[in-house]
Structures are given as C-alpha cells and as structure tokens.
Amino acid sequence: MGRRLFIAGNWKMNKTASEAADLVSKLKTEIGAAAGKVTVAVCPPFTALDRVCGILKGSNIAVGAQNLSDKASGAYTGEVSASMLLDLGVRYVIVGHSERRQYYGDTNEIVNKKAKFAISAGLLPIVCVGETLQEREAGRMKDVITTQFKGCLGNFTKEEILKTTIAYEPVWAIGTGKTATPAQAQEVHALIRSMLSGVFGADLAEQIIIQYGGSVKADNSKELMGQKDIDGALVGGASLDPAGFAKLIINAIG
Ligand code: PGA
C-alpha cells in the first residue's frame with residue numbers, strides 16, 4: 001500500500017550526552033543514503049536530546065523523546081513538556097512503552113492523554129501496545145490488545161490518528177532475545193489494522209504505520225518488515241550500536 005517504513009531506535013536509559021553525540025555522528029555516516037529511503041529516528045534520553053538534535057539537524061534522521069508530560073507547564077517536578085521538546089527540534093515521542101506501564105504506572109488513560117497532548121502541541125506520538133507472556137499463554141492476547149487500542153486511541157479524531165504511529169511490542173519479546181515470529185507479529189498487526197479500519201475507515205487504516213518492537217536485529221529485520229502489515233520497527237538494544245543499527249535498516253530495505 002506504499003506505506004514508508006519507519007524505523008526508530010529507543011535508547012531507553014542508556015548513553016550520556018557525550019556518548020550519544022558520538023553514537024549519532026557515527027550513525028549518520030553508517031546509514032548514509034539509506035536514510036533517504038525509510039523514515040529513521042533515534043530516541044535518546046532527555047539529557048542527550050539537545051546535543052543529538054544539534055548533530056542531526058538537516059540530516060535524514062529525526063529525533064524522538066521517550067516520554068512527555070500530559071501537562072503544558074507548571075508545578076510538576078521532574079516532568080518534561082511538549083513545548084520543551086519541540087524547542088529542541090524533537091519530532092516524535094514514544095508514549096506508553098511497556099516499561100513505563102510496568103514501572104511508572106502509565107495506564108491506557110494516561111497514554112491517551114499524553115498522546116493527545118503531544119499531537120495538540122505539534123509532536124508525533126509513537127503509541128505502544130503489547131501483551132505479556134502470561135496474557136498470551138492464557139489466550140488473552142486479543143483482549144489485551146483490543147483494550148489497549150480502545151483505551152489509548154479509541155477517542156482519537158481522524159486528524160489525530162493520522163499523526164500517530166502504533167508500535168506493537170509483545171512484552172515477552174522486549175530485551176529477551178525472543179522475537180515474535182513474523183507470522184505471530186503479522187497476526188497482531190492485522191488485528192490492529194482491522195481495529196483501525198473499524199473506528200476510522202479502511203482508507204485511513206491503510207495509511208497508519210504499525211511498527212513491530214521486541215528483539216529486532218540486523219538478521220531478522222528484513223523478514224519481519226516484509227510482512228504485509230509490519231511497517232517498521234521500534235528497536236531497543238540493537239539501536240545502541242551505530243553499525244548494527246545501520247545494518248538493521250539497510251537489511252530491512254534491501
Ligand atoms: P529490544 O527493545 O529491541 O531491546 O527488545 C524494544 C523496545 O523496548 O522498544
């Protein structure tokens with residue numbers, strides 16, 4: 001359907017600002033012309049965003065944050081606002097990553113508020129959904145994904161959903177080396193696209209990017225992204241090595 005692949009690196013709580021500067025300088029060289037064929041973003045920690053945005057300005061690599069506040073400004077100690085991110089040159093923001101849901105209490109309702117707030121401020125959210133191993137083994141994958149979809153995205157307008165990327169990240173595949181098989185991932189991506197179609201219409205559903213995340217590497221990126229409804233990847237561990245991340249991207253489009 002002509003959806004452009006979108007591959008984003010989620011660095012999580014890794015890399016100081018100096019290390020981040022070194023990583024993206026190398027990444028720019030390693031990716032080279034391939035960055036023009038897919039959408040590429042890196043999502044460093046807040047403390048490295050300024051340096052990274054400076055280095056990547058004018059390049060084909062965009063910058064994302066890993067979280068944001070659902071408030072505009074004010075007495076919210078420790079929070080970072082959308083306008084602070086935009087001012088640095090940040091374009092994307094990950095919302096509802098399973099680690100935020102698991103350790104920091106981000107519920108579907110909070111994810112929904114943050115994503116809507118991000119869009120209203122001018123950022124593009126990457127909204128994460130995904131089931132745990134227990135949920136999958138109990139046969140509850142569809143219920144969980146449906147509940148997360150409805151809670152996080154169900155009340156979006158068409159304009160809002162068009163600015164949103166969805167990332168399917170099975171929790172059991174994150175950082176574990178266990179990747180969902182391309183068929184397992186495709187099944188969930190197709191489910192998400194059918195829910196998009198149900199709420200927003202088939203034409204719109206075909207335009208939305210659905211990334212897969214969970215142990216994506218250079219040697220499985222092509223097969224995963226070759227699936228009909230897998231339009232990119234949200235990459236954790238493998239995005240921390242510039243040569244490996246570049247190879248993952250080049251393999252995916254090759
Ligand atoms: P992983 O993480 O690639 O290290 O499994 C993916 C993610 O959590 O976004």
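Which of the 13 residues around the ligand come nearest?

1. Lys12, His97, Glu169, Gly175 and Ser215 come nearest, out of the 13 residues around the ligand. A residue is near a molecule or strand if one of its heavy atoms lies within 4 Å of it. By class, this shell holds four nonpolar, seven polar and two charged residues. Nonpolar here takes in Ala, Val, Leu, Ile, Met, Phe, Trp, Tyr, Cys and Pro; charged takes in Asp, Glu, Lys and Arg; the others, Gly among them, are polar.

2. **Ground rules.** This is a predicted model, in which local features need pLDDT of at least 70 and side-chain atom pairs count only at pLDDT 80 or more, while totals for chains, interfaces and linings use all residues. Residues are numbered from 1 along each chain as its sequence is written, and side-chain values use heavy atoms, with hydrogens and water left out.

3. Look at the backbone here. A backbone N or O atom of Gly175 sits 2.6 Å from a ligand oxygen atom. A polar backbone atom of Ser215 is 2.8 Å from an oxygen atom of the ligand. For Gly236, a polar backbone atom is likewise 2.8 Å from a ligand oxygen atom. The protein covers 95% of the 290 Å² of accessible area that the ligand has on its own. A polar contact is a pair of N or O atoms within 3.5 Å; within protein, one must be able to donate a hydrogen and the other to accept it, and residues adjacent in sequence count only if both atoms are side-chain atoms. Accessible areas come from the Shrake-Rupley method with a 1.4 Å probe; for residues, only the protein chains shown count as cover.

4. **Ser215 and Asn220.** Ser215 is found in the loop between strand 7 (210-213) and helix 11 (221-225). Asn220 is in the loop between strand 7 and helix 11. Helices (H or I, at least four residues) and strands (E, at least two) are DSSP runs, numbered from the N terminus. Ser215 counts as buried, at 14% relative accessibility. Asn220 counts as buried too, at 13%. Buried means under 20% relative accessible area, exposed over 50%, and partly exposed in between (1.4 Å probe, protein chains only). A polar atom of the Asn220 side chain lies 3.1 Å from the backbone oxygen of Ser215. Beyond its neighbours within four places in sequence, Asn220 is in contact (heavy atoms within 4.5 Å) with Thr179 and Ser215.

5. **Positive phi.** Ser215 has a phi near 55°, a positive value in a residue other than glycine. Lys15 has a positive phi as well, near 80°. Lys15 belongs to the loop between strand 1 (6-10) and helix 1 (17-31). Lys15 is partly exposed, with a relative accessible area of 29%.

6. **The cores.** The largest nonpolar core has 71 residues, and Ile192 and Leu196 have the most contacts inside it. Helix 9 (residues 182-200) gives the largest share of this core, seven residues. Apart from it lies another core, of 13 residues, among them Ala8, Cys43, Ala62 and Ala167. A nonpolar core is a set of buried Ala, Val, Leu, Ile, Met, Phe, Trp, Tyr and Cys residues joined through side-chain atoms within 4.5 Å.

7. **Leu196 and Phe149.** Not counting residues up to four places away in sequence, Leu196 touches residues including Phe149, Ile161 and Ile210. Phe149 is placed in helix 7 (residues 141-153). Phe149 is buried, with a relative accessible area of 3%.
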